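User: I have a model open and want to learn how to read its features. Can you take me through some of them, one at a time?

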Amino acid sequence: MKRYADLLRTPGVARIIAAQLTARFPSGMLSLAFLLHVERETGSYGAAGLVLAATSVGQAVAGPLTSRFMGRWGMRPVLITTLVICAASVVAIAVLPLTVPLYMAIGLVCGLSTPPVQPAVRTIYPKMVNSRQLTPLFSLDASAQEIIWVVGPVVTTFISTQISTVWGILTAAALLVGGGIWFISSPELGRVRIPMSKRRFGVVLGRPPVLLGTIVGFLLIGACAAVEAGVVAVFGHDGAEAGIVLAIFAVGSLAGGLLFGHIPIGPWALARRMLIVFVGVAVAAAAMEFWWLAATLFVAGIGIAPALAVIFAIVSASVKFSDTAEAYGWIGTGQLIGAALGSAVAGFLIDGYGPVGAFVAAAVLAFVGVLVPTIGRRWHPDLRGRDASPIPDTEPVTITPH
């Protein structure tokens, strides 16, 4: 823990972690808030699902695009523009009387305009700390984001059920705006400029470590989404058990990130961390009981944040600085598609075979998530004793005097 304490004492680190977490906090709220609100307004979970699908499609398409735009127009202009459009679309869904097609259209705009805070902050991190601190910082970031997924749904459910679904969405909008302004006003965004990439859009995905990270992230988040669907199917929506088990799952990830964040990253790092996730999820399928699921999913969770931290580090170390934001955009898109596919497959299997089907799906996805980095370990950079910072762009950068 001393290493993390030293890291948080580095000027600006604690502030920018808190700012970006606040700006991203609505990502743990809006899906559930939209689901509850659209279902209440239309009386159909199917309609609500279509709105969520449209939003997710928008986010998946926007991830690498808006990230690349930051290199062309600068981080602040892109973040401000997307924040204004996204906040307006979120408020529109909350307060306007809409038909399902209009809900879907505005949901698509909301997804397309999601501010690229995550790619921005992970592009900034290498410029804030020394090479020895970068891998622990990625791990701390991956661990801290679990707060979003533990607290966000609880806050949304409480406000939406006890006050109104409109206020559930407006609360997320307020956090989106407040956190976005806090993050955008961070001095680091003014100090760091992403050089404009000279490569065509999408070329960075052809870098083996970026492709590896995107595929494994897709499989990891797909497994997590299947687990979440399975837990809800076991305990239902009404009791507290599902929320408690999923919170324990996230706490396991938080603990894993803090425990393993200092371990040097070798070629087997991603496979080993995915193996922890696979073992926990596979064993969980043996019994659909509260304490069994709580214990086994805590074990599975221990591998999640460390695996994400490895993905962030190997991507950072493998691309030029001008390509980092787009690379992280592709990583995010892979995870979004994984979440959607994992939930969909789990839903079909739950209908056919009961809740255990979701855990089988999660175990299969996690197992493939072990195989991919095992087979592709030659693509996996060995960062033991090596700087995880991006490859510098050697072309001179013109600095305009103030």
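User: Let's start with charges and rings. Which residue lies over the face of F312?

Analyst: This is a predicted model. In it, R122 lies over the face of F312. The distance from R122 to the ring centre is 3.6 Å.

User: Next, ring against ring. How many aromatic pairs does a search of the whole structure find?

Analyst: The general idea comes first. Two numbers describe a pair of aromatic rings: the distance of the centres and the angle of the planes. Here, a search of the whole structure finds five aromatic pairs. Take F235 and F290. Their ring centres are 6.2 Å apart and their planes stand at 75°, so this pair is edge-to-face. The cut-off for that label is an angle over 60 degrees.

User: Where in the chain do F235 and F290 sit?

Analyst: F235 is in helix α12, residues 208-235. F290 is in helix α15, residues 290-301.

User: Which aromatic residue forms an edge-to-face pair with F290 at 5.0 Å centre to centre?

Analyst: That is W291, with 85° between the planes.

User: Is W291 buried or exposed?

Analyst: Exposed. Its relative accessible area is 69%, and the cut-off for exposed is over 50%.

User: Now the core. Which residues have the most contacts inside the largest nonpolar core?

Analyst: In soluble globular proteins, nonpolar side chains tend to be buried together. Here the largest nonpolar core has 111 residues. Those with the most contacts inside it are M75, Y125, F183 and L220. Helix α12 gives the most to this core, with 12 residues.

User: What is Y125 in contact with, leaving aside neighbours within four places in sequence?

Analyst: Its contacts are I16, I17, Q20, L134, L137, F138 and D141.

User: On to cysteines. How many disulfides does a search of the whole structure find?

Analyst: A disulfide is a covalent bond between the sulfur atoms of two cysteines. The search finds zero in this structure. C86 shows how to check. The nearest cysteine sulfur is that of C110, 4.0 Å away. The cut-off is 2.5 Å, and C86 is in no disulfide. C86 counts as buried, at 3% relative accessibility. C224 also counts as buried, at 10%.

User: What does S89 touch, beyond neighbours within four places in sequence?

Analyst: S89 is in contact with I106, V109, C110 and S113. It lies in helix α5, residues 75-95. S89 is buried, with a relative accessible area of 6%.

User: Last point: confidence. What is the mean pLDDT of the protein chain?

Analyst: The mean is 83, and 93% of the residues reach 70 or more. Over residues 395-402 the pLDDT is below 50. Beyond near neighbours in sequence, that stretch has three contacts in the model.

Methods
Residues numbered from 1 in each chain as written. Predicted model: local features only at pLDDT ≥ 70, side-chain atom pairs only at ≥ 80, totals over all residues. Heavy atoms only, no water. Phe/Tyr/Trp six-rings, centres within 6.5 Å; stacked < 30°, edge-to-face > 60°. Helix = DSSP H or I, 4+ residues; strand = E, 2+ residues; numbered from the N terminus. Buried < 20%, exposed > 50% of the residue type's maximum accessible area, 1.4 Å probe, protein only. Lys NZ or Arg CZ within 6 Å of the ring centre and 35° of its normal. Core = buried A, V, L, I, M, F, W, Y, C linked by side-chain atoms within 4.5 Å. Contact = heavy atoms within 4.5 Å. pLDDT = per-residue confidence, 0-100.
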